[in-house]
Amino acid sequence: MNILFVFYVPSGGVETLNRQRLAALKKFNIHAHFLYYENRRNLLNDHSAPTFITNDDAKIKKILEDGKYSAVVVVSDFQALARFRGLGYNGKMIIEIQGYGPKHVAREALTNAIPQVNAYADGFLNPKTPHIMQLLDELYPSFPKFSFNNCFDTSQFSYRSLRLDGVRKIAWIGRIEDNKNWREFLQIGHQLIHNYNSNIQLLMFEDPTLSDPKERMKFKSLITQLNLTKYLTVHTNVPNSQMADYYSQIGDSGGFLCSTSKVEGAPYALLEAMSCRCPVLTTDSDGVRSSIIHNRTGKFYTLGNIDNAVREAKELMNNKAIRESIRSNALEHVKTHFSPDLYAQNFIKMLESLGINYKV
C-alpha cells in the first residue's frame, strides 16, 4: 500500500514527522511517498523514500497516477483538495493539521475551508492538539476526525556522551517570527546571564528561509540592546542528523531547551530534546501538553512572565534531583506515548475506518 504525504516545503516539524512516520509505517508494509511544492534551501534531509519537489499540475498528475495511492494526506493545504480531484485523483484524501500558529489564524483557515473539506476530503487528522480538536468539533461536528500523537523513534535519535567545554548551554529552536516568540528567549537569556551566571551560552537554531525580514531586523537590534552578542551563537539549517549531538551536550552541560512559543501544534524539537536527555522549559503553548507534564517530564512557565521563567530555569539548573528525574521521565514518556508502533496502529485504524482495506 502506498500513501502520499503532501506539504509546502521540506522543513521544520512536518519534515521531521514525515521521516519518522516513513519508518513507522514501513514496518507494517505501508509505503510513504512525499510531495513538497518547493525547496527553499540547499539541504534536503534524506527521506529514504520517493520524494518529489514540484508544484506543476502535469507533474503532480503523473505522480498521483504512477503512485496508485490508497490515500493522500495533505498537511494544511486546503487548496490541494479540489486541485488533486481536478487532476483525476479519486482515492481517499485526509487533511492533516499540524499547527497554524496563532489560534485566530487556525480558526479563520478552518472556517474558510468548510466548503472545500465537505466537497472533497474524507477525514481530518491532528496530533491531539487541544485547540485544533476543539475547533474541528465546533466547525465540523459530523465530519470524520482522527487524533493521535505523532511518532518518534528514540532508538534512532538519542543521547550521546560527548566532550563538554565547561559552558552551560541554553537553546532555542524556531523561526524568527512573532509566534515563536524569540524576544522572550533573548529576555530570559539576558536575565540569566547578567543577573545569575555569566558562564552561559545561548544557542539559537533556525531556518532563515522561513523568517520574516522585518522581524530579523528587530532580532538583531534586540541582541545588541540586551548586550548578548558575545553570549549568543545562531546556527542555521543544521542537518537533523547532527541535532542529537547538540541536545546531548546541552543536557549534559547543565542547560536546557527553552521553548517560548505563543501557540504550538505538536513541536518535534521537544521530543528530540527529551529523547537526548535534554530537559525542556516551555510555555504552555497548547500542543506541548501531550509531551510536557510540569516537574515530571519538563517544566512550564507562564507566557510573558520573565521572572517566572527565570525562577523555573534556575531550579532546573540548580536542583539536581528534579533535573535528573525530569531527564529520565521525559525519555520514558517519549518511548511510551510516541512509539512508532503505536503511531502505525493508529494510522491503520484510521485507514480502515475510512473504508481502506489494509492487508499486511
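Tutor: The model is predicted, so local features need pLDDT of at least 70, side-chain atom pairs count only at pLDDT 80 or more, and totals for chains, interfaces and linings use all residues. Residues are numbered from 1 along each chain as its sequence is written, and side-chain values use heavy atoms, without hydrogens and water.

Student: At what angle do helix α7 and helix α8 pack?

Tutor: Axes are lines fitted to C-alpha atoms, for helices over the stretch in contact, and angles run from 0 to 180 degrees between N-to-C directions. Here α7 (residues 182-195) and α8 (residues 213-225) pack at about 5°, with axes 11 Å apart. They are therefore roughly parallel (angles under 35 degrees).

Student: Which residues make the contact?

Tutor: Contact means heavy atoms within 4.5 Å. W182, R183 and L186 of α7 meet E215, K218, F219, L222 and I223 of α8.

Student: Which way do side chains point along a strand?

Tutor: In a regular strand they alternate between the two faces of the sheet. In β12 (residues 280-283), V280 and T282 point one way, L281 and T283 the other. All are buried (under 20% relative accessible area, 1.4 Å probe, protein chains only).

Student: In which sense does β12 pair with β11 and with β13?

Tutor: Two strands pair if DSSP finds at least two bridges between them. β11 (residues 256-259) and β12 pair in the parallel sense over 3 bridges. β12 and β13 (residues 299-301) also pair in the parallel sense, over 3 bridges. T282 is the bridge partner of S259 and stands opposite F300 in β13.

Note on methods
Helix = DSSP H or I, 4+ residues; strand = E, 2+ residues; numbered from the N terminus. Parallel < 35°, antiparallel > 145°, perpendicular 65-115°, else oblique. Buried < 20%, exposed > 50% of the residue type's maximum accessible area, 1.4 Å probe, protein only.
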